[in-house]
Amino acid sequence: RLSALANARESVSGNAERAAADLLKLASETEELERERGRAQAQRAEGEARRAEGEALLGSLQEQRQQAQGRAAAARAEAEAASRTAEARQSERAGLAGRLASLEEMVASHSAFDEGVRALLQRPAGLEVVGVLADALETDSAYERAVESFLGDRLQAVLVPGPEQALAGVRLLQESQAGRGTFLPLSSARTRNGCAALKDAAAREPQRVKGLLSSLYRVSGPWEAQIRAALPDALVVESLDDALALQAAHGPVACVTLQGETLRGSLVEGGRSVKGLLAPRREVREVGLQIEQVEAQLLAARGAAAEAQARIAEAEEQARELTGRIHAAEKELVAVRHALASTDEELQRLQRKASVLDTERRQAEQERGAAAVRLAEIEVALQAGEAEREQAAARLGECGAAVAEARGLSEAAQARWSEA
């Protein structure tokens, strides 16, 4: 029995040692597992940070691309608007150029002038012509009808150097029967034009009189004094009622209204349109200015269109560049997500392995605990067996002594028997 218990103790001790060895191995594996899990968690945290950074970068790039596309669309709309404006200005410029050419032709040919004046302006041989009086006068459109109405046919006066040329011109018209003509010999023209009565009336009637007619037009060229002195003057008023009131207050002063009615002495003239001798030249200037303005607007529109096209190209280039960066960021983000998925799988594997190791550790601890209990039981049984053996040995000794004593008694009895 003691031998069986000893064998059992050896077997249980072996099991306990194996369980302890397994526990040590499991502890080492668990420690290595924790290190691997720490590395995996660090990789996962780094991957999460990279994913968050990549998603933020991707969102920023997409927003920037959207902004670039918005800028391109806005610039495209501006370019289209500028192109439409340029086309409209170009069409307007073409129309104005045609109008200007027509007006210049009208001014150059003096088509609104009488036939005799046009014949003299052809500068026939033997006649020196400086020009025509209407070409030397300029006025604003507001006073154009008043100036033309009051000056009338004087605007068609042909400017010649002296009386000899005027006489030659008259003879030429008589011979050619081209019509009549008025001449202004510049060398003999007076250089002073007294208009004290008109100035006095204008000073006394500031509410009704807008000014002297001579102050409302401009004379160009070196013969300004002679031309102004040769032309009659008048008071410029708003209406014919004002002109009649002025004559009633100041006597027979010459007046002209803005609408072209004239009052000379007792003669009142109105109701007919003027020939428009000054308008074409004024319109030439105005149309020329309009063409310059339209040309400037056309250049500005073309410049705006070109600038918008440049912004379109720049914005589209930025959008293409951002698209490439977005693709790269998306690829990088896919790689990061793949790495995160691999890390998650590795963590799951380590978790499963940890579960297995924990199960094995519990089993080993259970086996070691059971072995310890069994060893304790065996030790108790061995102690009990040793006690029983000692008791049996004591009883065996007593039995041996009793046997020896009995053997001695038996031998004594045998001796006695033999003797007997």
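1. Buried means under 20% relative accessible area, exposed means over 50%, and partly exposed lies in between (1.4 Å probe, protein chains only). This is a predicted model in which local features need pLDDT of at least 70 and side-chain atom pairs count only at pLDDT 80 or more, while totals for chains, interfaces and linings use all residues. Residues are numbered from 1 along each chain as its sequence is written, and side-chain values use heavy atoms, with hydrogens and water left out.

2. The structure holds 31 salt bridges, a salt bridge being a side-chain nitrogen of Lys or Arg within 4 Å of a carboxyl oxygen of Asp or Glu.

3. One of them pairs Glu31 with Arg35, with 3.2 Å between the closest N and O atoms. Both residues belong to helix H1 (residues 2-109), where a spacing of 4 residues puts them about one helical turn apart; helices are DSSP runs (H or I, at least four residues) numbered from the N terminus. Glu31 is partly exposed at 47% relative accessible area, and Arg35 is partly exposed at 39%.

4. Glu78 and Arg311 form a salt bridge with their closest N and O atoms 2.0 Å apart. Glu78 lies in helix H1 and Arg311 in helix H9 (residues 279-419), so this pair ties together parts 233 residues apart in sequence. Glu78 is partly exposed at 42%, as is Arg311 at 30%.

5. Within helix H9, Arg362 and Asp358 sit 4 residues apart, about one turn. Their side chains meet in a salt bridge at 2.0 Å, N to O. Arg362 has a relative accessible area of 38% and Asp358 one of 26%.

Notes. Helix = DSSP H or I, 4+ residues; strand = E, 2+ residues; numbered from the N terminus.
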